[in-house]
Amino acid sequence: MYLGALLSLVVQSFFHLDDYSGVVVRRLTLATYEDLLTPAHADIALRTTVMAAAVTLADALLAFPLAYYMARYAGPRMRALLTLAVLLPLWSSYLVRVYFWKLILAREGVVSWVFARAGATPLLEGMLALPVVGGPSLSVSPLGTFVAFVYVWLPYMVLPLAAALERVSRSCLEASADLGARPSQTLRHITLPLALPGFVAGSVFTFSLTLGDFVVPGALGNSSLFLGQAVLAYQGTAGNVPLAAAFTVVPMLLMLAYLLVARRLGALEAL
């Protein structure tokens with residue numbers, strides 16, 4: 001059923017909307033994809049892809065120290081508590097968490113108050129003045145959207161990384177130390193390569209979920225659309241289902257390319 005729904009989307013992306021009558025013409029054509037490649041629509045795909053890649057990288061950098069501590073140093077009780085702490089945000093409503101961040105990042109919110117108390121308001125204003133990531137406030141800016149995305153998807157990176165690091169044999173680490181490797185060399189040449197499957201598993205979640213999400217950019221973003229917002233707008237308000245379907249093909253192709261690269265690196269076989 002899932003594959004059938006995806007196939008239906010792909011087929012509908014080859015139809016097109018008649019500009020005069022507003023009726024979907026069910027004849028196979030590439031006209032919709034020509035429309036998709038216009039600068040405005042290509043900019044939406046590029047913006048979303050860059051955001052998804054940045055969120056994935058940030059989540060990996062934040063998740064690795066915690067996952068490493070959970071896998072290597074935490075006792076059973078502490079590991080259970082940390083796992084509970086990671087999962088606890090998922091018990092609340094997704095919308096509540098997103099709008100909670102909107103309040104935190106607002107100009108009258110906690111973040112602005114902390115910057116003001118620290119005398120760093122000019123630093124905050126400087127970040128908001130940046131042409132690409134800034135905006136009127138953190139709650140209406142690409143930077144605020146990035147922060148919310150990182151928070152929302154972080155658990156999906158922590159847990160796969162922790163599971164992958166738990167599978168790294170201590171004998172490999174001990175052998176590396178016995179051969180004279182420094183801790184940084186062991187981390188770079190032993191731990192990180194063996195933890196790659198966990199990163200791939202987590203990044204599949206963070207990357208794909210960011211590509212398709214429309215709630216976070218709708219709540220904290222500006223007028224610049226993301227893929228999920230474009231799909232919602234074209235299939236709902238505009239009634240242009242073929243163009244909305246063509247937009248959904250973009251993340252499908254991106255994820256397919258990503259998984260093929262991961263397969264060539266051998267990460268999928270180790271999952």
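Is tyrosine 156 buried, partly exposed or exposed? In this predicted model, tyrosine 156 is partly exposed, with a relative accessible area of 28%. Phenylalanine 205 is likewise partly exposed, its relative accessible area being 40%.

The structure holds ten aromatic pairs, and one of them joins tyrosine 156 to phenylalanine 205. The centres of these two rings are 5.8 Å apart and their planes stand at 35°, so the pair is tilted; the class follows because planes under 30 degrees apart would count as stacked and planes over 60 as edge-to-face. Tyrosine 156 belongs to helix H8 (residues 142-166), whereas phenylalanine 205 belongs to helix H10 (residues 183-212), so the pair ties together parts that are 49 residues apart in sequence.

## Packing of H5 against H8

Helix H8, which carries tyrosine 156, also packs with helix H5 (residues 94-105), the two axes lying 10 Å apart at an angle of about 140°. That angle makes H5 oblique to H8, because the roughly antiparallel class is kept for angles over 145 degrees. The crossing of H5 and H8 is right-handed.

On the H5 side, the contact involves Tyr94, Arg97, Val98, Trp101 and Leu105, which meet Gly144, Val147, Ala148, Tyr151, Val152 and Trp153 of H8. Sorted by class, the residues of this contact comprise nine nonpolar, one polar and one charged.

## Packing of H3 against H4

The crossing of H3 and H4 is left-handed, whereas that of H5 and H8 is right-handed.

From H3, the residues that make the contact are Leu66, Tyr69, Met70 and Ala71, and from H4 they are Met78, Arg79, Leu82, Thr83 and Val86. By class, the contact of H3 with H4 contains seven nonpolar residues, together with one polar and one charged residue.

## An aromatic cluster

Ring pairs also link Phe64, Tyr68, Tyr69 and Tyr73 into a cluster.

Terms used:
Residues numbered from 1 in each chain as written. Predicted model: local features only at pLDDT ≥ 70, side-chain atom pairs only at ≥ 80, totals over all residues. Heavy atoms only, no water. Left-handed = near helix turned anticlockwise from the far one by under 90°. Helix = DSSP H or I, 4+ residues; strand = E, 2+ residues; numbered from the N terminus. Contact = heavy atoms within 4.5 Å. Nonpolar A, V, L, I, M, F, W, Y, C, P; charged D, E, K, R; others polar. Phe/Tyr/Trp six-rings, centres within 6.5 Å; stacked < 30°, edge-to-face > 60°. Buried < 20%, exposed > 50% of the residue type's maximum accessible area, 1.4 Å probe, protein only. Axes fitted to C-alpha atoms, helices over the stretch in contact; angles between N-to-C directions. Parallel < 35°, antiparallel > 145°, perpendicular 65-115°, else oblique.
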